[in-house]
Amino acid sequence: MVAASQGDGFVAFDRVQKSYDGETLVVKDLNLSIGKGEFMTMLGPSGSGKTTCLMMLAGFETATSGEITLDQRPINSVPPHKRGIGMVFQNYALFPHMTVGENLSFPLEVRGMGKSEREKKVKRALDMVQMGAFAGRRPAQLSGGQQQRIALARALVFEPQLVLMDEPLGALDKNLRERMQYEIKHIHQNLGVTVVYVTHDQTEALTMSDNVAVFDDGRIQQLAPPDVLYEKPENAFVAAFIGENNTLKGKVQSVNGKECKVKLPDGSVITALKVNVEGDGVQSTLSLRPERVVLGDRAAEMPNKFEAEVLELIYLGDHIRVRMNVCGDDEFIVKVPNNTGGRAMAVGQKAPVGWSVEDCRALDPS
Amino acid sequence: MKSTLKLIGASTAASVIAMSAAADDPVSLTIVSWGGAYTESQVRAYHEPWMEMNPHVTIINDDGSANALAGLRAQSQAGNVTWDLVDMLPSDAQLACDEGIIMEIDVDEMLAPAPDGTPASEDFLPGSLDGDCFIPQIVYSTVLTIRPGAFPEDNQPSTIADLFDTENFPGRRALQDRPGTNLEWALYADGVAPEDIYDVLATPEGVDRAFAKLDTIKDDIVFWTEGAQAPQLLADGEVVMATGYNGRMFDAIEVEGMDAEIVWDGQVVEWDGWVVPADGQNIDAVMEYLYFATDTQRLADQAQFISYGPARASSAALVGEHADLGIDMAPHMPTAPENYFAPIILDNDFWVDFGDELRERFANWMLQ
Amino acid sequence: MAQADASMMDAGQGPARAETEKLVTSDGTPLKRALERAERQRKIAAVGLVAPLLIFLLTVFIWPIAQMMWLSVKNDQIVDALPRTLQELQTWDGQDLPGENVYAALHADMMEDLERDRRDRKTGPMGIRLNYELSAARSAVSRTSRNVDEFEAPYKDAFMDAHRLWGDPALWRVIKREGRPLTASYYVAALDREYAEDGSIVQRDENRRIYVPLFGRTLYLSVVITAMTFLLGFPIAYYMSILPMRQANLLMICVLLPFWTSLLVRTSAWIVLLQQQGVINSGLVAAGIIDDGSRLSMIYNQTGTIVAMTHILLPFMVLPLYSVMRTIPPSYMRAAKSLGATPSTAFRRVYFPQTLPGIGAGGVLVFIISIGYYITPALVGGQSGRMISNEIARHIQQSLNWGLAAALGTMLLVGVLILYWLFNRFVGSDSLKFG
């Protein structure tokens, strides 16, 4: 549906479909172009088709129809070992019977590289991930984070132009995961290699990527840089999947240029940005980020303003999450900065809320 | 122990009736034999009549004869003898006797005389009572059996020499995988008279001569181990002739209808019989049973069920028809005059003495 | 265990912290003693858990093996039967026949034996023992002992009349040599060697050497069978490991079928299949691949042993292999391919080395089992397919030469232990994975 085509098409999926059983398509009509040197993330819930896409790119799955090209060359019938694509696996897949050095040396050996050159490259790759001292260890003697670095170094040591990463940080704890995210990002920037990265973790996707393709139901729902994805979700799924979101459902009353008026079940009418609605009378989902809601006196200046009641306060350190009843919705969340104004709130208190037209996006009903 | 034996001897000599009146407590006897048709013939000829006459006796069959020697020694060493009576070959009996793990038998005191009053020691066939512990029961022989269909009608193998003649009688032959019988036949086929065979075989030159003769047919030999294999090999057409026990061959030919013929030339005759484990728990009951089971009529009865000859001379005349097939059994006995024209009597003493050495030589010969 | 210890320590220390001088538990006992008690109870529990198996192994495994080893050197038959004779023989030169004094002592020994209760007689077992070393020595002894009470001096002539061997220095040399409580002669025989006249150990006549060739053949057949189970088992184990569980289990049942079929049924099946007039040969003849005169011999020879034992032992190879392969994630092969390895290189360098623990375990299992196998070779091996265990069984059950059987068995056991040690040394038993 969103056949986004950006970049120079270093990697391109052209109307690619994939079915395992011949009945249901796990990848539906995929068109995707990835530019050289780009960090592209495929983000989506499990079963959305993102990993299948990665496997087709790596050559471990064949596309049922459509064409995949790498650097303008069709690679559908090229076996995986001839594609020259580096890959980092979810469980690292470090060969347990080889030392770290042998693991890194392996791709160079099968390419027939001489010993001295191999050693040089292995050392450089290990140094790059700050693991130079570990060449003689076995993978089992390393921690998860260390194994992750080695897997990364191994996927890069033969200098592929494209590196695929299949949820590489999934097995690490939160702190380590964040550190590795930055490291991978830096390595990407230093080497200029093209990265296709699969994850179901939106923070990871937003932190690292140049572009993010949000997958659901075998399709790319939206392909955009992280900030666009967050600020301007194109449909209800993306809005809900990326970041926190207030969702209000109603019926479109009237459309006026870029704006539209949506009537909610409780009768209140909201003016929203018309993004993904057809016209009068259709159902629509309104999406509104909690941090864009204005609370208190300043709400009076907003085009949308309502009286709300505080139902619950959750203290989160840097900010306070306020659950309120707005327009008949009990799950309406507002983020309030942790300052004097925010601290003064109390449960049961009534307060006006408001938001601008631009921040409230009228999307498909989904 | 000695007094017990004397007591039994005296009582058996005195009267059978007095004896059976004496013992009425329930007793169960474990009798070890070869299993299959052979045990069946003993059950029908001995066990069933005896149990009918003595309701307090139960007989349990154990098919352990193939390893009887090892079993006897193990039980004796463990001090827990559970076998009461064992059917075994005289050569094994000799070893067991030397070790003292089976009882010595005074044949005339412990066994019944012939109906005409001839003492048992004279009634049993000559040579069968060699050794102090062995009570002969049957005569069996190892014979050559041929498949007539494998040869032209006018050129059928009829002698042991033909077994060694692969030129005139081509095809594979099945021999038992042990030196006994084979070495005797090799010499016999090479022209040694039956009565001289063991004298020749006791010399190194004689052994070399026998193996040289075996060498001439080595490439055409299929070896068998278990008695049942020989008729099976014939029936399957795997071989054109086979050596085997005459009872098994009789069964295969007459009962199963196999197309084969027994060559009685050079049949190697051996005895089979009973031994009584020393320290058995029911020696009195066993001796009563033995007195009955080895008498003239009972030995003749066994021949109704299997084609092995009774070990008593007086039984020969009483051999009748096969109990199930209704054919006259006398001509099928190894001891029938028309079959007994050139027998080789297996010399157990020789085989006990030279068996180890010749088995090694034979095993080595087979390995080559 | 470590965790249990830790929690026990915590439990003990918690209340004790209040006391600074001497740590005690809440009920007042010193902490140290409480700990010792807990430790002791733990040890008792451990011993209690292990003890039944230990006792079981000692009684049914260690003890019989020790007894077997003892039998292979035990040699009391002659010492018991001929004390006087051996005494007199001490001064004999071992060349010419001994003097009258020795024969008189022999007469006295045999006379004494006649006084013994039959079951306690010593001459019978002595004759059997001597016959192992010298053929016909048994009948020399038994014929003499029957008439020895009628002998009169000079005894030398009387004995030599009774049996020719009493006039043969060879018999006297055996009596003197084996007239001690321990012997190496069973091992000498088991190595196809014998004592020469001067007492040195020499190889037997070539036509009587059987055990060493049999050991060699047993090793050879075991290696072939292990290799066959590996060649047949590896692909099927691999295939099962990539199949979904359900189908893999179905295949597993097929592999395990030999376990559940009775030996006789299996043997009959092999005979029907493999004999010259059997299914395979007839099929080949019908298909015109071989002609009727040159049917293949596939049973009652080595081929029969190899086919049958490969069939029986296949599960012992497949099970460890399968369990190892199940744990190798497919991502290793993918990783290798993504790194540029061709499928065959990836298999050889990445997949195969990881199956080595399974191959090692399966190989050791199959090899050790087949070295000791004897039922199947006896049934379908004919002569050329027999192994050393068949010879051991024969000596145990038929010839009753338990000393020789024990010597052969001990050598087999030591051989297996050496092989295992070598395996352990060069491959490492810690890398074994039995499933």
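Reply: Helices (H or I, at least four residues) and strands (E, at least two) are DSSP runs, numbered from the N terminus. With that in hand, α9(B) is followed by Gly191(B), whose phi is positive, near 105 degrees. This is a predicted model, in which local features need pLDDT of at least 70 and side-chain atom pairs count only at pLDDT 80 or more, while totals for chains, interfaces and linings use all residues. Residues are numbered from 1 along each chain as its sequence is written, and chains are lettered from A and ligands numbered from 1 in the order in which they are written.

Me: How many residues of helix α9 of chain B are buried?

Reply: A residue is buried if 20 or more other C-beta atoms, placed from the backbone, lie within 10 Å of its own, exposed if 12 or fewer, and partly exposed in between. For α9 (residues 182-189) of chain B the count is 8 of the 8 residues, so this helix is largely enclosed by the rest of the structure. Among the buried residues of α9(B) are Glu184(B), Trp185(B) and Tyr188(B). In chain A, 42% of the 366 residues count as buried.

Me: Which pair of chains shares the most contacts?

Reply: Two residues are in contact if their C-beta atoms, placed from the backbone, lie within 7 Å. Of the 2 pairs of chains in contact, it is chains B and C that share the most contacts, with 32 residues of chain C touching 31 residues of chain B. On the chain C side, α6 (123-133), α7 (137-147) and α19 (388-397) each supply at least two residues, and the largest share, 6 residues, comes from α6(C). To sort residues by type, Ala, Val, Leu, Ile, Met, Phe, Trp, Tyr, Cys and Pro count as nonpolar, Asp, Glu, Lys and Arg as charged, and the others, Gly among them, as polar. By that scheme, the side of chain C that touches chain B holds 10 nonpolar, 15 polar and 7 charged residues.

Me: And what does chain A touch?

Reply: In the contact between chains A and C, 20 residues of chain A meet 15 residues of chain C. The side of chain A that touches chain C divides into 13 nonpolar, 5 polar and 2 charged residues. No contact joins chain A and chain B, whose closest C-alpha atoms lie 45 Å apart.

Me: Which strands stand at the edges of the sheet of 5 strands in chain A?

Reply: Strands of a sheet pair through backbone hydrogen bonds, either parallel or antiparallel; here two strands pair if DSSP finds at least two bridges between them. The open sheet of chain A has the order β15-β19-β16-β17-β18, with antiparallel pairing. The edges are β15 (294-295) and β18 (329-337) of chain A, each with a single partner strand, so one side of each is left without a neighbour in the sheet. Within this sheet, 6 bridges join β16 (residues 304-315) of chain A to β19 (residues 350-355) of chain A, and the bridge partner of Lys305(A) in β19(A) is Gly354(A).

Me: Where do α12 and α15 of chain C make their contact?

Reply: The α12(C) side includes Val255(C) and Phe259(C), and the α15(C) side includes His311(C) and Ile312(C). The residues of this contact divide into 8 nonpolar, 1 polar and no charged.
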